[in-house]
Amino acid sequence: MKTLAIDLDDTLVDTISVLLDWIEESRGFRVDAARLATYQLGADEKQTMEIVNGFYDAKAHHNLSANPGAVAGCAALANAGFRLVVVTARKPETAALTEALVERLFPGAFSEVHAVGHHPDKVRALRRVGARLLIDDNARQIRRAADAGVPTVLFGDLPWNRDFAWPRRAAGWTDVVAMAHSF
Ligand SMILES: [Mg+2]
């Protein structure tokens, strides 16, 4: 059975729109396009991490919903015999909350959820789960996985990955389902 490793935030789930609204409500500023292009949500990297970490404990986290087509896409892949595993760079401390989110939005679709943290990358987890393919919106994770020999699909047309030249891109979940079969 082929295992697909799929990123959570902004790949399976539309995180950024909820996160940006929450930042505006809780901190009083709207992240502008220039910052979004580098995924710098705060004044610097430290504040960005502080904001993202605070979001997991916020009520707004419960407002997250699946990206368009993701629920049907995952069901189609599971029906086609793929084993689906979430590999997210969320911190290990968020594991329970993250598993609950995946189960709420994608009941029964994923056999495992791995919250591996930001550093250094997802490669160790990808090897452990025997990933045949990584689907992720994060260009750094995609490059590192590819360097480690794991095939990749860069997901979405997002401010932080739009200018990243990569041979295999999925504009949305219809593309993901179609592309997964060639791995
Ligand atoms: Mg992501």
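1. Secondary structure first. This is a predicted model, and its protein comes to eight helices and six strands. Going along the sequence, the order is β-α-α-α-α-β-α-β-α-β-α-β-β-α.

2. Now the domains. There are two in the assignment: domain 1 covers 3-14 + 65-180, and domain 2 covers 16-63. Note that domain 1 is written as two segments, with the range of domain 2 falling between them in the numbering. If you want a distance for the pair, their C-alpha centres sit 21 Å apart.

3. How do the two domains meet? On the contact count, six residues of domain 1 touch nine residues of domain 2. The domain 1 side of that contact is made up of three nonpolar residues, two charged ones and one polar one.

4. Overall dimensions. Along the principal axes, the C-alpha atoms fill a box of roughly 45 × 35 × 30 Å. The radius of gyration is 16 Å, and a compact globule of 183 residues would come out near 16 Å, so the protein agrees with that expectation.

5. Of the 183 residues in the protein, 34% are buried; the cut-off here is 20 or more other C-beta atoms within 10 Å of the residue's own. As for contacts with a separation of 6 or more, 62% of them are between residues 24 or more positions apart.

Note on methods:
Residues numbered from 1 in each chain as written. Predicted model: local features only at pLDDT ≥ 70, side-chain atom pairs only at ≥ 80, totals over all residues. Domains from an automatic or database assignment. Contact = placed C-beta atoms within 7 Å. Nonpolar A, V, L, I, M, F, W, Y, C, P; charged D, E, K, R; others polar. Helix = DSSP H or I, 4+ residues; strand = E, 2+ residues; numbered from the N terminus. Rg over C-alpha atoms; globule rule 2.2 N^0.38 Å. Buried ≥ 20, exposed ≤ 12 C-beta atoms within 10 Å, placed from the backbone.
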